[in-house]
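I opened this entry to keep track of what I looked up in the model. My notes follow in the order I made them.

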Amino acid sequence: MSILKEFREFAVKGNVVDLAVGVIIGGAFGKIVSSLVNDIIMPPIGWLIDGVDFKDLAIVIQEKQGEAEAVLLKYGAFIQNVFDFLIIAAAVFAMVKLINNLKKSSEPEKEEPKPVELSTEEQLLTEIRDLLKKSN
C-alpha cells in the first residue's frame, strides 16, 4: 500500500505536471518547426541546387525485384532531419535565453553583504590569536 501512496505523491508533484505540459507543448512546437523547415527553408535550398528535393535523395542498394520493394539508403531524409534538429535546437536556445533574461530582469538585484567591521577589541583578539598560531 505504501508504494501506491508514494506513487500518488510523486504523480501530483508540480514537476510531473510541468513535465507533461512541456512534452505536449514540445510536440506542437515540433510540428511548427517541421513546417518551417519543410515548407519555408528547404524549398529555396532545393531551388538553389536545381530543384532537388532532399527527401528524394537516396542510394539504391538493391533494385526492386518482383513483389519486393527496392532497398534504399535515404540520406536525403537524414539531411532533412538534421536541418529540423538544428533549427529546433536554435529555437529552444533562443527561448531559454529569453526566459533567463526575463527572470534576471524581474528579480531584484541582491546586494553583496558588506564585510562586518570588527571592533577594536575583536581586532586585537584576532591579532593575538594569529600571533599565538605562528609561535606554536
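I began with residues 77-96. The end C-alpha atoms of this span lie 28 Å apart. I found the span to be 100% helix and 0% strand. Helices here are DSSP runs of H or I with at least four residues, strands are runs of E with at least two, and both are numbered from the N terminus. The UniProt record, an unreviewed entry, annotates residues 12-33 and 77-96 as "transmembrane region". UniProt positions are in the numbering used here, feature names are shortened, and annotations may be inferred rather than shown by experiment.

I noted the ground rules next. This is a predicted model, in which local features need pLDDT of at least 70 and side-chain atom pairs count only at pLDDT 80 or more, while totals for chains, interfaces and linings use all residues. Residues are numbered from 1 along each chain as its sequence is written, and side-chain values use heavy atoms, with hydrogens and water left out.

**Whole chain**

I counted four helices and two strands in the protein chain. From the N terminus, the order is α-α-β-β-α-α. The radius of gyration is 31 Å, well over the 14 Å that the globule rule gives for 136 residues, so the chain is more spread out than a compact globule. That radius is taken over C-alpha atoms, and the rule is 2.2 Å times the number of residues to the power 0.38. Along its principal axes, the C-alpha trace spans about 100 × 55 × 40 Å.

I then checked burial. Of the 136 residues, 7% count as buried. Buried means under 20% relative accessible area, exposed means over 50%, and partly exposed is in between (1.4 Å probe, protein chains only). The chain exposes about 12200 Å², with carbon and sulfur atoms supplying 65% of that area. Areas come from the Shrake-Rupley method with a 1.4 Å probe; for residues, only the protein chains shown count as cover.

Contacts came next (heavy atoms within 4.5 Å). Among contacts with a separation of 6 or more, 40% join residues 24 or more positions apart.

**Helix α3**

How far apart are the end C-alpha atoms of α3? I get 47 Å, which agrees with the 46 Å that its 32 residues should span at 1.5 Å a residue. The expected span is 1.5 Å times one less than the number of residues. The buried residues of α3 are Gly76, Gln80, Asp84 and Ile87.

I looked at Gln80 first. Gln80 sits in α3, residues 75-106. Is Gln80 buried or exposed? Gln80 is buried, because its relative accessible area is 4%. Leaving aside neighbours within four places in sequence, Gln80 contacts Val37, Asn38, Met42, Phe54 and Lys55.

Ile87 also lies in α3. Its relative accessible area is 18%, so Ile87 counts as buried. Which residues does Ile87 touch, not counting those up to four places away in sequence? I listed Val33, Leu36, Val37 and Ile41. Ile87 and Leu36 are 51 residues apart in sequence, yet 8.9 Å apart from C-alpha to C-alpha.

Tyr75 is partly exposed, with a relative accessible area of 36%. I found Tyr75 touching Leu57, Ala58 and Ile59, with residues up to four places away not counted. The C-alpha atoms of Tyr75 and Lys55 are separated by 8.1 Å, across 20 residues of chain.

**Strand β1**

I picked Ile61, which lies in β1, residues 59-62. At a relative accessible area of 57%, Ile61 is exposed. Ile61 touches Val71 and Leu73, again not counting residues up to four places away. I also took the distance to Ser2, 59 residues away along the chain: the C-alpha atoms are separated by 56 Å.

**Helix α4**

My last stop was α4, residues 120-135. Its 16 residues reach 23 Å from first C-alpha to last, close to the expected 22 Å. How many of the 16 residues of α4 are buried? The number is zero, so α4 lies largely in the open.
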